[in-house]
Each structure stands twice: as structure tokens, then as C-alpha cells.
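Biologist: I am new to this one. Could you show me the structure and let me ask about it?

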Amino acid sequence: MHAAPEIKVHVTRHEQTCVLTVRGEVDHDDAEDLEAAWEAADRAALPVTAVDLSQVSFADSMLLNALLGARRRHLADGRDLVVLGPLQPAVRRLLTISGTIDHFHVVDAGHGHVEGTTP
């Protein structure tokens with residue numbers, strides 16, 4: 001008997017914030033689950049969407065593209081997108097090497113430290 005697949009993306013609502021919690025290794029195989037989570041966040045259309053990436057140990061261009069798409073939609077809708085950390089080394093490297101880390105408002109949830117800015 002096979003174990004049930006691990007849920008890597010969870011969506012919750014906290015007052016005026018939609019929180020997407022992502023964990024584990026995130027790659028192309030998780031695209032459908034991540035897309036469903038973004039759709040839920042977009043339908044909720046709350047003023048803030050927070051994406052908790054503090055538990056992501058690996059991410060590839062699929063996650064990067066999803067974040068950039070969400071950023072575009074949030075800017076167009078006048079909503080805030082916040083990335084919660086601390087970011088694990090692989091995720092920080094992905095955002096840094098791609099030159100996109102400064103396009104996101106990154107907050108270390110454990111310390112309230114802001115790493116990037118939303119242009």
C-alpha cells in the first residue's frame with residue numbers, strides 16, 4: 001500500500017490575508033497544486049497574499065514563474081504580495097541568481113526583518 005502524497009501547498013485565511021504555505025521540494029510535478037492554491041488566493045481577492053516559503057528546501061523555475069505571475073496579478077489588482085521567510089539557501093539562491101529577489105517584499109517571519117522591496 002502506498003502512502004498518500006504529501007500536501008505541499010496549503011491555503012488559509014487570516015482576517016484580510018490569504019496565506020499560502022508551501023513546503024518541501026517544489027518542482028514541475030507540483031505545478032497543478034500550486035496553480036490551484038494561487039487560484040484560491042485570487043478568488044479570495046483579499047488585500048494581502050502572504051506566501052510562506054520558509055519550509056521550502058528546493059525550488060525550480062516553476063515556483064519562480066508562479067511567484068512572478070502572482071506579483072503581476074497583485075500589482076494589477078492593487079493587492080500586496082508578501083513572501084515569508086526565512087528563506088532556505090536554495091530558494092534564496094533561486095531568487096538571487098535570477099535577479100528577482102528585489103521584486104518581492106520578503107519578510108523574515110521569525111524576526112519581522114524585511115529583505116526586499118516591492119517596486
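Biologist: Which elements have the lowest and the highest mean pLDDT?
Modeller: This is a predicted model, where local features need pLDDT of at least 70, side-chain atom pairs count only at pLDDT 80 or more, and totals for chains, interfaces and linings use all residues. Residues are numbered from 1 along each chain as its sequence is written, and side-chain values use heavy atoms, leaving out hydrogens and water. The pLDDT is the predictor's confidence in each residue, from 0 to 100, and helices (H or I, at least four residues) and strands (E, at least two) are DSSP runs numbered from the N terminus. The lowest mean, 42, belongs to strand 6 (residues 113-114), and the highest, 98, to strand 4 (residues 80-85).

Biologist: Is D30 buried or exposed?
Modeller: D30 sits in the loop between strand 2 (17-26) and helix 1 (31-44). Buried means under 20% relative accessible area, exposed over 50%, and partly exposed in between (1.4 Å probe, protein chains only). D30 has a relative accessible area of 9%, so D30 is buried.

Biologist: Which side chain meets D30 in a salt bridge?
Modeller: A salt bridge here is a side-chain nitrogen of Lys or Arg within 4 Å of a carboxyl oxygen of Asp or Glu. The partner of D30 comes within 3.3 Å, N to O, and is K8. Because K8 lies in the segment before strand 1 (9-14), the pair ties together parts that are 22 residues apart in sequence: the loop holding D30 and the segment holding K8.

Biologist: Which residues are linked with R79 in a network of salt bridges?
Modeller: R79 forms a salt bridge with D42, their closest N and O atoms being 3.2 Å apart, and another with D77, at 3.7 Å. R79 is buried at 8% relative accessible area, D42 is partly exposed at 26% and D77 is exposed at 51%. The residues linked with R79 in the network are D42, R73 and D77.

Biologist: How far apart are the end C-alpha atoms of helix 2?
Modeller: Helix 2 (residues 61-77) has 17 residues. The expected span is 1.5 Å times one less than the number of residues, so helix 2 should span 24 Å. The model agrees, with the end C-alpha atoms at a separation of 24 Å.
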